[in-house]
Amino acid sequence: MDGETLIHSDLNPANLIVTPLGLRIVDWAWATKAAAWVELALLVPWLIGSGHSAEQAEDWITHLPAWTATDRQVLDDFASKNATKWAAKSRQNTERWVRELAMWTGEWADHRTFGHQSAREP
């Protein structure tokens, strides 16, 4: 996850504003430096939560070089560990968004483990 790319690390619908001048990303409280693929990996569950299947979310992400340049095992490990983290958080926190994020990260981890990834995907 080490890298020199500035990432937001909390991209979600509440942090995106559409204006007449284009999309604005707000709430940079959790900005950090990391590998570029980390931002994309953190975005996948939100795409799932927006109604896309895990396969559809990853199909969209595979068009970005930072994703395709990343080793498949790194992405598999991240998805699995992220799902484990959010599952634990959802057992301790009853807020709806926490339970939903746990569900979405779990769907993505299951897809990475059991799904049929496309040929373009790392």
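Predicted model: local features only at pLDDT ≥ 70, side-chain atom pairs only at ≥ 80, totals over all residues.
Residues are numbered from 1 along each chain as its sequence is written, and side-chain values use heavy atoms, without hydrogens or water. Local features need pLDDT of at least 70 and side-chain atom pairs count only at pLDDT 80 or more, while totals for chains, interfaces and linings use all residues.

**Helix pairs**

Two packed helices are described by the angle between their axes and the distance between the axes. Helices here are DSSP runs (H or I, at least four residues), numbered from the N terminus. Axes are lines fitted to C-alpha atoms over the stretch in contact, and angles run from 0 to 180 degrees between N-to-C directions.

| Pair | Axis distance | Angle |
|---|---|---|
| Helix 1 (residues 36–49) and helix 4 (residues 72–92) | within 11 Å | roughly 45° |
| Helix 2 (residues 54–61) and helix 5 | 9 Å | about 75° |
| Helix 4 and helix 5 | within 8 Å | roughly 150° |

Angles under 35 degrees count as roughly parallel, over 145 as roughly antiparallel, 65 to 115 as roughly perpendicular and the rest as oblique.

Take helix 4 and helix 5 first. Their axes cross at roughly 150°. That makes helix 4 roughly antiparallel to helix 5. The crossing is left-handed, a term for a near helix turned anticlockwise from the far one by less than a right angle; clockwise is right-handed. Contact means heavy atoms within 4.5 Å. Ala, Val, Leu, Ile, Met, Phe, Trp, Tyr, Cys and Pro count as nonpolar, Asp, Glu, Lys and Arg as charged, and the others, Gly among them, as polar.

Helix 1 and helix 4 cross at roughly 45°. Helix 1 is therefore oblique to helix 4. Their crossing is right-handed. W37, A41 and L42 of helix 1 meet V74, L75 and F78 of helix 4. Six nonpolar residues make up this contact, with no polar and no charged ones.

Helix 2 and helix 5 pack at about 75°. Helix 2 is therefore roughly perpendicular to helix 5. A54, E55 and E58 of helix 2 touch E107, W108, H111 and R112 of helix 5. Here the classes are two nonpolar, one polar and four charged.

**The largest pocket**

The largest pocket has a volume of about 380 Å³. It has 15 lining residues, and S9, D10, K85, W86 and L101 lie nearest its centre. Helix 1, helix 4 and helix 5 (96–114) each give two or more residues to the lining. Helix 4 gives the most, with four. By class, the lining has eight nonpolar, four polar and three charged residues. A pocket is an open set of points on a 1 Å grid over the protein atoms alone, where a 1.4 Å probe fits, with protein on both sides within 12 Å along at least five of seven lines; lining residues have an atom within 4 Å of a point. Volume is the space filled by probe spheres set on the points, which are joined across faces, edges and corners.
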